[in-house]
Amino acid sequence: MRKPLGFLFVLICVATILAGNARAQQSSPYPSKEGDYVAHDFKFRSGESLAELRLHYTTLGQPTRDVKGHVSNAVLILHGTGGTGHQFFAKQFAGELFGPGQPLDINKYYVILPDGIGHGKSSKPSDGMHAHFPQYDYDDMVAAHHLLLKEGLGVDHLRLIFGTSMGCMHSFVWGETFPDFMDALMPMACLPVQIAGRNRVWRKMVMDAIRTDPDWKDGEYTEEPKRALRTANDFLIIAGSTPLPMQKSLPTRDAADKFTDDYFKTHTDTPDANDFLYQVNASRNYDPSPQLEKITARVMWMNSADDFINPPELGIAERESKRLKNGQFILIPLSENTHGHGTHTWAAIWKQQLLDVLAKSAK
């Protein structure tokens with residue numbers, strides 16, 4: 001039986017909405033390097049621009065170059081909404097993947113863990129612009145990471161793009177926008193269609209809660225709007241959880257009430273309201289479905305059967321996966337070992353599929 005502490009750990013590490021919470025900042029147990037690339041005069045699809053867009057990243061391992069000087073062993077790992085590259089240092093992820101002989105052994109691969117626009121140590125509203133920060137979307141975030149790789153790190157090809165949740169959605173955008181840039185894609189926990197239905201409804205509820213809270217003050221608050229963030233955290237607990245472990249960890253009414261009360265004693269002022277609003281709103285026009293046939297890289301796409309955000313009963317993944325020229329969709333069945341939406345971070349469950357896609361995409 002999972003204990004309440006383990007359940008709380010899952011919530012903190014897995015979601016704000018869609019994958020890892022920035023509060024759960026992990027330190028690297030491996031030799032790593034951190035840096036910032038500054039994109040000058042970055043133009044957003046909204047028509048807005050920033051004179052300097054800071055893109056933070058962490059790298060593990062060393063780049064290997066072929067006879068033409070091109071990096072041949074780079075792996076890009078993309079976090080979810082509210083997350084950072086450092087979330088992937090969690091034991092259930094890094095401990096299964098980055099060590100000697102493991103699937104992404106950093107003695108063999110050059111692993112790149114960036115913070116997306118609006119996240120972590122990359123440029124974001126809370127740096128000072130507040131609600132005047134450009135209204136970025138997923139296409140902007142992918143374009144910025146493309147610049148980081150090519151101009152900042154000198155990487156013009158990727159062995160693999162692995163993405164969780166929002167990063168999963170970015171993987172599909174990458175595959176369509178830059179189809180020759182990677183050998184393989186491994187999107188985890190998302191759907192390559194417009195965000196609609198329940199998924200859109202609860203996102204809109206969260207955004208409306210922030211925008212309509214009088215303490216938000218059009219984004220110019222001096223103290224976090226606690227009522228709005230309470231509503232946001234209410235939804236995050238539900239969206240990032242799964243019924244089976246929640247029922248086992250909180251088997252009585254009193255246990256459930258205590259968990260809720262304890263959680264909100266420490267989570268009423270995080271995340272930053274403006275940052276969070278922008279992070280959720282960035283998904284507003286995501287819809288790669290019209291161009292899925294443009295993806296030529298080998299795709300290993302996986303969702304979990306107990307995912308609240310991407311429920312399998314919709315049948316969307318089975319339908320859309322048929323349009324991938326070189327792809328496979330696998331639904332991870334519900335079990336004692338799955339973690340709802342957060343199954344994407346528990347590498348022991350799916351690392352064999354990661355090895356498979358690396359082997360099948362080898363050139």
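**Entry 1. Helices H3 and H4**

I began with the axes of H3 and H4, which come within 10 Å and cross at roughly 75°. That makes H3 roughly perpendicular to H4, a label that covers angles of 65 to 115 degrees, with under 35 degrees counted as roughly parallel, over 145 as roughly antiparallel and the rest as oblique. Axes are lines fitted to C-alpha atoms, for helices over the stretch in contact, and angles run from 0 to 180 degrees between N-to-C directions. Helices (H or I, at least four residues) and strands (E, at least two) are DSSP runs, numbered from the N terminus.

I note that this is a predicted model, in which local features need pLDDT of at least 70 and side-chain atom pairs count only at pLDDT 80 or more, while totals for chains, interfaces and linings use all residues. Residues are numbered from 1 along each chain as its sequence is written, and side-chain values use heavy atoms, with hydrogens and water left out.

I then listed the residues in contact (heavy atoms within 4.5 Å). From H3, Tyr138, Asp139, Met141, Val142, His145, His146 and Leu149 meet Met166, Met169, His170, Val173 and Trp174 of H4.

**Entry 2. H3 by itself**

Which residues of H3 are buried? I found Tyr138, Asp140, Met141, Val142, Ala144, His145, His146, Leu148 and Leu149; buried means under 20% relative accessible area, exposed over 50%, and partly exposed in between (1.4 Å probe, protein chains only). Their packing partners include strand S1 (32-43), strand S2 (49-60) and helix H5 (197-211).

Just after H3, Gly154 has a positive phi of about 70°.

**Entry 3. The sheet**

I traced 8 strands in an open sheet of mixed pairing, in the order S1-S2-S4-S3-S5-S6-S7-S8. S1 and strand S8 (327-332) are at the edges with a single partner strand each, so one side of each lacks a neighbour in the sheet. From one strand to the next, the twist averages 20°. Strands are taken as paired if DSSP finds at least two bridges between them.

S3 and S4 run parallel and are joined by 3 bridges; Val75 has Val111 in S4 as its bridge partner. H3 packs on the sheet, where it touches S1, S2, S3 and S4, and its direction makes about 115° with that of S1. H4 lies across S3, strand S5 (160-164), strand S6 (184-188) and strand S7 (298-304), and runs at about 145° to S5.

**Entry 4. Strand S6**

I checked burial in S6: 5 of the 5 residues are buried, so S6 is largely enclosed by the rest of the structure. Ala184, Met186 and Met188 point one way, and Leu185 and Pro187 the other. S5 and S6 run parallel with 4 bridges, and Thr164 has Met188 in S6 as its bridge partner.

In H9 (residues 273-281), I found 9 of the 9 residues buried, so H9 is largely enclosed by the rest of the structure. The buried residues of H9 pack against H5 and helix H6 (226-240).

Is Pro29 buried or exposed? Pro29 counts as exposed, at 56% relative accessibility. I located Pro29 in the loop between helix H1 (4-14) and S1.
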